[in-house]
Amino acid sequence: FYSNGGSGGITTKRYPALNTKTTQVATLDGVNDEINTNHNPAGDLVIDCRFRLDSFSGDRVIHSCNGNSGYFFRVKNGEWQLYVGGGYVFEGAADSSPDSTTDIFDTRLEFIDSTNTWTAYAKTSTQPEYTLLGTGSRTPNFIQANVIIGQKGGNNYLDGEIHSFKLTSNGVTKVEYDFSGNLGTTTVLDISGNQNGTVYGANAGTDSFWGKRIADSSGSLVSAGYNKGNTNISNPSGFVHNQSEVGFDLVSVDKTSA
């Protein structure tokens, strides 16, 4: 914002952002970006991931472990697929296929170790209930491999945004990301307090990976330097949120701006 300095000069002012309307996301380029959780899974698993796709063409893996021998959960040309231990648990869940680049998807993958049973669910972020995508029994081989977000076996890279990720094992949270910490680095903060993740690819640690926030009533706004890690800022008294990252204080009357 620019204003007359009082003597003909121009001064520049940066207004602080206001809280409660946006949240940080990670952006994967669909070419070679990925997040290694540095966690080798075991036991009963529940894996939740919220994401948005920029492209549905080809194979877009949401998350995986040990490639074809372990498992991978993906969208292939607009169809949900789950592959485990050398074969499909299901493919082509056409009744709930993702087909919009504006939709944010919530997915849940459940694994019961004692029976090797897999069950997958999905919904858009605005839907109240999950839709069952498919279920079946197949045995994975995780060996010492880690869970990877955004690719499997060096292929099938996800093109879009990861908004959040959570993995629980036997009811205990082992990995949880909301991408609110370690911005501008190649480290993804694990808010569960366990093993942090690592970003790999051409955009690792850059603004292309970190430099985006999305509207989310459960998130919070920060200053314009959020992609450099500047996330600590308070709300000045009297400011009004105007559905952007700017507020105005007009001394006696607060206004909003389109």
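The protein chain exposes about 12000 Å², of which carbon and sulfur atoms supply 45%; accessible areas were computed by the Shrake-Rupley method with a 1.4 Å probe, and for residues only the protein chains shown count as cover. The model is predicted, so that local features need pLDDT of at least 70 and side-chain atom pairs count only at pLDDT 80 or more, while totals for chains, interfaces and linings use all residues. Residues are numbered from 1 along each chain as its sequence is written, and side-chain values use heavy atoms, with hydrogens and water left out.

Of the 258 residues of the protein chain, 45% count as buried; buried means under 20% relative accessible area, exposed over 50%, and partly exposed in between, with a 1.4 Å probe and protein chains only. The chain contains one helix and 19 strands, taken as DSSP runs numbered from the N terminus (helices H or I, at least four residues; strands E, at least two). Among contacts with a separation of 6 or more, residues 24 or more positions apart account for 58%, a contact being heavy atoms within 4.5 Å.

Eight strands form an open sheet in the order β10-β9-β8-β7-β14-β5-β18-β17, and the pairing is antiparallel. Two strands are taken to pair if DSSP finds at least two bridges between them. Strands β10 (87-91) and β17 (187-188) stand at the edges with a single partner strand each, so one side of each is left without a neighbour in the sheet.

Strand β8 (residues 71-76) is joined to β9 by six bridges, and the two run antiparallel. Within this pair, K76 stands opposite E79 in β9. The two strands form a hairpin with two residues between them, and N77 in the turn has a positive phi of about 50°. Strand β9 is mostly covered, with five of its six residues buried.

The largest nonpolar core has 42 residues, and those with the most contacts inside it are F51, Y71, F73, W80, L82, W118 and F165. Such a core is a set of buried Ala, Val, Leu, Ile, Met, Phe, Trp, Tyr and Cys residues joined through side-chain atoms within 4.5 Å. Strand β6 (residues 45-53) gives the most to this core, with five residues. Leaving aside neighbours within four places in sequence, F51 is in contact with I62, W80, D103, I104, F105, T107, L158, E161, I162 and H163.

F105 lies in strand β11 (residues 105-112) and is buried, with a relative accessible area of 5%. With neighbours within four places in sequence again left aside, F105 is in contact with C49, R50, F51, W80, P98, S100, K123 and T124. F105 and A122 are 17 residues apart in sequence and 6.8 Å apart in space, C-alpha to C-alpha.

About 170 Å³ of space lies in the largest pocket. Strands β6, β11, β15 (159-169) and β16 (172-177) are the elements that give two or more residues to its lining. The lining comprises 14 residues, of which D48, C49, S164, F165 and K166 lie nearest the pocket centre. On a 1 Å grid over the protein atoms alone, a pocket is an open set of points where a 1.4 Å probe fits, with protein on both sides within 12 Å along at least five of seven lines; lining residues have an atom within 4 Å of a point. Grid points are joined across faces, edges and corners, and the volume is the space filled by probe spheres set on the points.

Several loop residues were also examined. Most residues other than glycine have a negative phi. N66, in the loop between β7 (59-65) and β8, has a positive phi near 60° and is partly exposed, with a relative accessible area of 24%. F179, in the loop between β16 and β17, likewise has a positive phi near 60°, but F179 counts as buried at 1% relative accessibility. A202 is found in the loop between β18 (197-200) and α1 (207-210) and is exposed, with a relative accessible area of 56%. Beyond neighbours within four places in sequence, A202 is in contact with N32 and D33. A202 and V31 are 171 residues apart in sequence and 8.6 Å apart in space, C-alpha to C-alpha.
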